[in-house]
Amino acid sequence: MNYAYYPGCSAKGSSADYEKSTQAVCGMLDMNLVDIRDWNCCGSTPAHAVNTELSAALCARNLDIAAQQGVQKLLTSCPSCLSNLRHAAKRMEDPAFHARVDELLDNPTALKFPAVTSVMQGMAAHCDADEIGRHVRRNLGALSLAPYYGCLMSRPAEIMDFGDPENPTLMESLLGACGAKVLEFPLKTSCCGASYGIPEREMTARLSARILQLATDMEADAIIVACPLCQMNLDLRQKQAANSADARFNMPVLYFTQIMGLAFGLSGDDLGLDKLRVGADGLLLKIEQAASAQRGSAEGGKA
Amino acid sequence: MKDTIDLGKKRDDAFITEVEAHSGQKFSTCYQCGNCTAGCPAGFAYDRQVNQIMRGVQLGLRDKVLNSRSIWMCLSCSTCSLRCPNNIDVATVMETLRHMARKEKRVAVPKVEKFWFSFLDTVRAFGRSWEIGTMALYMLRSLRVFTDLDLAPEALKKQKLPFKPHSIPDGGAAAVTRIFKRYRERAKREGVRP
Amino acid sequence: MRIGVFICHCGSNIAATVDCAKAAEIAKSFPDVVYAADTMYTCAEPGQAAIEAAIHEHKLDGVVVASCSPRMHEATFRRTVERAGLNRYMFEMANIREHVSWIGKDKEANTNKTAELVKMAVAKLRNNSPLTAKTFDVTKKVLVIGGGVAGIQAALDCAEGGVPVILVERESTIGGKMAKLDKTFPTVDCSACILGPKMVDVAQHPNITLYAYSEVEEVSGYVGNFSVKIRRRASYVDWEKCTGCGACSEKCPSKKTPDAFNEFTGLTTAINIPFPQAIPKKAVINAAHCRQLTKGKCGVCAKTCPTGAIDYAMQDAFVTEEVGCIVAATGYELMDWTVYQEYGGGVWPDVITSLQYERLLSASGPTGGHIVRPSDGREPQTIVFIQCVGSRDKSIGRPYCSGFCCMYTAKQTILTKDHLPWSRSYVFYMDIRAPGKMYDEFTRRAVEEYGVEYIRGRVSAIYPDGQGRYVVMGADTLLGEQVEIKADMVVLAVGIEAARGAPGLAEKLRISYDAYGFYMESHVKLKPVETNTAGVFLAGVCQGAKDIPASVAQGSAAAAKVLALFARDKLENDPQTAQVDIRRCVGCGKCIRCCPFGAIKDSEIRGENKAQVIETVCQGCGLCTATCPQGAIQLAHATDNQILAEVNALCR
């Protein structure tokens with residue numbers, strides 16, 4: 001089944017592995033993600049921090065392209081893109097605002113835009129837990145995973161429509177369907193420091209350290225994320241976070257699509273695991289050990 | 001030494017009205033419980049806590065509020081709005097204050113604004129953002145060496161960050177450039193800082 | 001007809017924006033008006049004397065007073081004209097204060113409006129006729145609903161006043177929330193020690209009949225003569241036989257039954273007596289957890305009971321009681337705090353409510369009075385108390401203050417220090433509300449003598465640190481900084497809401513309730529225990545947040561109202577009732593169905609069905625007059641003719 005898809009800029013840069021694993025897992029679930037043509041950057045945080053109309057114009061161009069293509073529902077992986085696109089669509093309902101934004105664009109935009117939703121929600125709508133379970137080839141039962149959504153995915157609730165803004169649980173149900181042990185992770189919607197890694201490194205380091213510390217204390221095997229920026233802050237900047245907190249971390253931070261892909265039996269290459277700074281080898285080893293222990297006991301049982 | 005604040009003299013009613021109009025929030029509903037401050041992840045980097053920013057607006061203290069570093073360090077994570085017992089969208093207030101401060105050419109933390117423009121410049125040029133381009137522009141703007149030098153070996157080895165920008169294939173880049181051009185022209189016409 | 005008109009100045013309240021003398025002058029031109037005057041304070045003694053004098057002097061047979069709202073002084077002036085020999089319904093009032101002088105500043109416009117309102121009142125009065133009240137007997141017996149401290153006080157005071165009392169309590173014991181408390185502020189005396197004697201008095205008073213484990217099913221009738229159907233819930237134990245020995249509970253194998261009395265801090269048996277001082281001290285089976293009732297096999301309690309009181313086949317039973325008054329004292333519930341996901345939403349075991357903490361403090365509680373963490377049974381070192389959880393919070397629809405949380409939190413911190421001298425307590429508060437006698441001193445004692453750390457601010461989130469403790473993220477707004485505390489236990493001062501089912505009971509009692517289910521008093525200041533339904537009174541938290549002293553005071557106040565009402569042998573009705581013109585009535589029965597008071601019945605007159613109004617039940621609401629397709633019902637003192645006369649006076 002085809003789905004219109006807005007990859008977002010990170011998919012072509014720092015989160016190429018998110019993109020790769022998303023395509024791979026969706027492919028297995030018979031979700032064919034098709035890029036809308038000619039898409040541009042949503043403007044991310046800088047655009048709306050500078051000017052709401054500029055931000056909305058960048059988003060509206062994409063929404064308009066999707067509308068022209070007859071798209072009803074548009075999926076995107078990145079929570080920041082999702083937030084911007086949904087905010088823009090909401091603000092464009094105000095005719096005065098719509099007119100101001102249209103002034104910035106080549107052509108007046110459509111009056112009705114397609115609904116934008118996350119790939120995660122798209123996946124849950126596309127197939128149920130049983131369907132996901134049918135694809136599982138590797139048993140993740142040995143892993144304790146800390147689900148981490150970041151601050152953007154579920155808030156503000158009235159814009160994002162992602163369940164309880166304090167306690168979203170969609171990722172848990174997907175990971176649960178893959179057989180993993182999912183921790184009750186209290187900091188699942190706290191902020192990782194967002195884009196302040198460059199201008200205000202200490203901010204990001206401290207906030208990421210809090211999340212990494214709790215996951216470590218809870219003995220999580222990995223933090224599972226859905227946001228390119230969160231992944232970068234928690235993984236690539238993990239050492240900065242450790243230094244700031246005077247701690248040591250060795251916490252793999254995987255996209256939910258990467259861990260699902262592992263459960264589905266895909267290879268590290270299929271999922272871009274080589275891009276992780278803290279590698280997933282330990283996870284794979286744990287899965288393998290649990291599997292062979294199980295085989296052993298099964299054979300022992302037979303003998 | 002600090003002067004006592006003469007609340008009568010310093011009160012700028014127009015400021016209160018302006019913040020209320022742009023943010024759509026009513027400041028008299030804030031009873032200063034401090035929940036916004038309690039939950040703010042960036043609070044440690046603030047010169048005034050969120051509830052103090054709210055208080056500043058309540059009293060109409062334009063300078064205190066718009067000259068604050070806090071409005072630039074806000075991460076827009078919306079925790080404050082979510083937990084406010086009086087349903088005030090505090091995150092929108094913070095964003096409104098940033099917009100107003102920029103308009104009045106008061107940017108207490110220039111490096112944050114410089115980073116935003118470094119990012120937006122790559123979008124303007126290529127239609128899509130480009131991480132390495134953003135970093136390079138930011139270094140130029142802030143006259144700062146790459147603050148993330150420690151990350152470079154790892155990031156480059158893993159090819160996390162592409163050296164080439166990912167431009168839009170079908171001429172969309174030019175369309176985005178035009179958006180920025182119109183935006184700047186309009187700002188100039190309206191006499192505000194783009 | 002000879003009508004006199006009096007325009008009141010009400011000091012400057014009216015006279016400042018109405019030319020009263022001119023209005024009186026205009027009134028003289030209205031039909032049948034033979035006398036008109038303006039007076040300084042018409043309600044004062046000289047003002048009333050002037051009305052009486054004018055009635056005699058000018059041989060008036062009707063009076064109009066233009067002054068304040070009829071809710072204020074209609075009764076006063078009706079008595080005035082009655083003293084002068086007129087029927088009290090030959091009087092009309094025009095409200096020129098609330099409806100004119102207080103709402104407009106234009107003196108000329110106000111004077112004209114005054115004249116027009118008086119013109120309407122005169123037109124109405126010309127169509128009035130004398131009405132006479134009917135008297136009826138009173139059943140001198142009172143129903144008290146709810147056996148918490150307010151209901152207990154009301155019941156005892158009525159009983160002492162010689163009135164038979166029916167006390168209905170939903171739970172299997174009386175005592176309410178107070179019975180769950182360990183100590184009480186501001187004296188820190190033992191709750192059970194001061195409530196216990198009152199509970200025993202209830203059990204032993206010859207004038208009190210207690211129906212525990214019972215609920216009010218239906219209410220009909222009116223002041224003086226209510227009929228109340230009471231559902232006695234099946235307890236599966238014959239209370240006539242049960243001696244409260246507790247043998248059944250000792251032997252019950254179903255030991256994992258949630259313990260509601262202990263606020264679910266512990267477990268109990270499926271058959272149990274909630275606490276040692278329970279009144280009545282009778283066992284009840286929790287049907288959802290009883291093996292005999294769920295699986296059909298066990299029967300241990302039946303075998304154990306020395307008096308053979310167990311009856312697994314017991315069904316709910318109904319009794320009907322006739323009473324003259326009703327006191328509602330249904331109390332409150334804690335709001336469902338699990339909506340606060342940021343506080344764990346009920347998932348973290350050591351984040352508990354104040355009432356649960358109270359059970360931990362209590363010697364008769366699940367821990368025998370030892371403060372220990374529910375998660376691991378260890379004594380907590382650092383305890384954080386959070387105020388206003390579910391109070392003063394618009395975002396979850398609870399904007400009101402729950403009133404007593406500041407005080408019991410101070411009490412709990414003091415008790416904590418007594419129990420665990422090495423512990424440290426923090427209290428996050430927004431404002432300390434301690435206006436009672438010795439209250440503020442009490443909160444200061446917690447700080448000054450017990451070293452409790454009060455922090456002015458709210459808590460944004462609580463989460464387990466993965467190592468057995470809890471991170472409490474707060475703000476100290478006085479310091480202007482974020483603060484964080486690693487706590488072993490967190491106690492939430494959870495706000496209150498109206499008792500479960502409060503609106504449903506209000507509808508049965510035909511009383512009003514606010515948006516949150518709290519019952520509405522008749523007047524916020526001057527009629528705090530009365531309702532707008534005659535004969536129904538309020539006591540305790542069912543009317544709004546209040547602490548024990550205030551609840552007890554209100555219980556006594558409600559009893560005083562009951563005793564005053566029963567001091568009369570007969571009551572008078574208000575003759576402003578519906579009247580059926582039986583020549584027009586076709587017996588369709590629409591009025592019977594629409595009457596909210598059951599005041600119209602079907603009767604047969606010369607072989608035809610006709611509506612008949614029971615005048616002592618009719619409240620004069622007028623629904624039937626508007627409903628009747630034949631126009632066969634008129635409301636006395638608000639007939640079509642009277643209303644049309646007013647309209648015509650204004651519009652023609």
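With 7 C-beta neighbours inside 10 Å, Trp422(C) counts as exposed, because a residue is exposed if 12 or fewer other C-beta atoms lie within 10 Å of its own, buried if 20 or more do, and partly exposed in between, with C-beta atoms placed from the backbone. Trp422(C) sits in the loop between helix H13 (405-419) and strand E22 (424-429) of chain C, where helices (H or I, at least four residues) and strands (E, at least two) are DSSP runs numbered from the N terminus. Its C-alpha atom is separated by 74 Å from that of Glu82(C), the two residues being 340 apart along the chain.

This is a predicted model, in which local features need pLDDT of at least 70 and side-chain atom pairs count only at pLDDT 80 or more, while totals for chains, interfaces and linings use all residues. Residues are numbered from 1 along each chain as its sequence is written, and chains are lettered from A, with ligands numbered from 1, in the order in which they are written.

**Confidence in chain A**

The mean pLDDT (the predictor's confidence in each residue, from 0 to 100) of chain A is 94, and 98% of its residues reach 70 or more. Within chain A, confidence is highest in strand E7 (residues 222-225), at 98, and lowest in helix H15 (residues 281-302), at a mean of 83.

**Domains of chains A and B**

In chain A, the contact between the domains takes 22 residues from domain 1 and 28 residues from domain 2, two residues being in contact if their C-beta atoms, placed from the backbone, lie within 7 Å. On the side of domain 1 that touches domain 2, helix H1 (16-28) and helix H4 (79-91) of chain A each supply at least two residues, and the largest share, nine residues, comes from H1(A). By class, that side has eight nonpolar, ten polar and four charged residues, where Ala, Val, Leu, Ile, Met, Phe, Trp, Tyr, Cys and Pro count as nonpolar, Asp, Glu, Lys and Arg as charged, and the others, Gly among them, as polar.

**Strand pairing in chain A**

Strands pair if DSSP finds at least two bridges between them. Strand E1 (residues 2-6) and strand E3 (residues 73-76) of chain A pair in the parallel sense over three bridges, with Leu74(A) in E3(A) as the bridge partner of Ala4(A). E3(A) also runs parallel to strand E4 (residues 115-118) of chain A, to which four bridges join it, and there Lys73(A) has Ala115(A) as its bridge partner.

**Nonpolar cores**

A nonpolar core is a set of buried Ala, Val, Leu, Ile, Met, Phe, Trp, Tyr and Cys residues joined through C-beta atoms within 7 Å. The largest has 315 residues, of which Ile224(A) and Val327(C) touch the most other members, and its largest share, nine residues, comes from helix H3 (residues 52-68) of chain A. Leaving aside neighbours within four places in sequence, Ile224(A) is in contact with residues including Leu145(A), Met171(A), Leu254(A) and Phe256(A). Apart from this core lies another, of 44 residues, among them Val64(C) and Leu125(C).

**Contact of chains B and C**

The contact takes 18 residues from chain C and 17 residues from chain B. On the chain C side, the elements that give two or more residues are strands E24 (459-464), E25 (470-476) and E26 (481-487), and the residues of this side divide into five nonpolar, seven polar and six charged.
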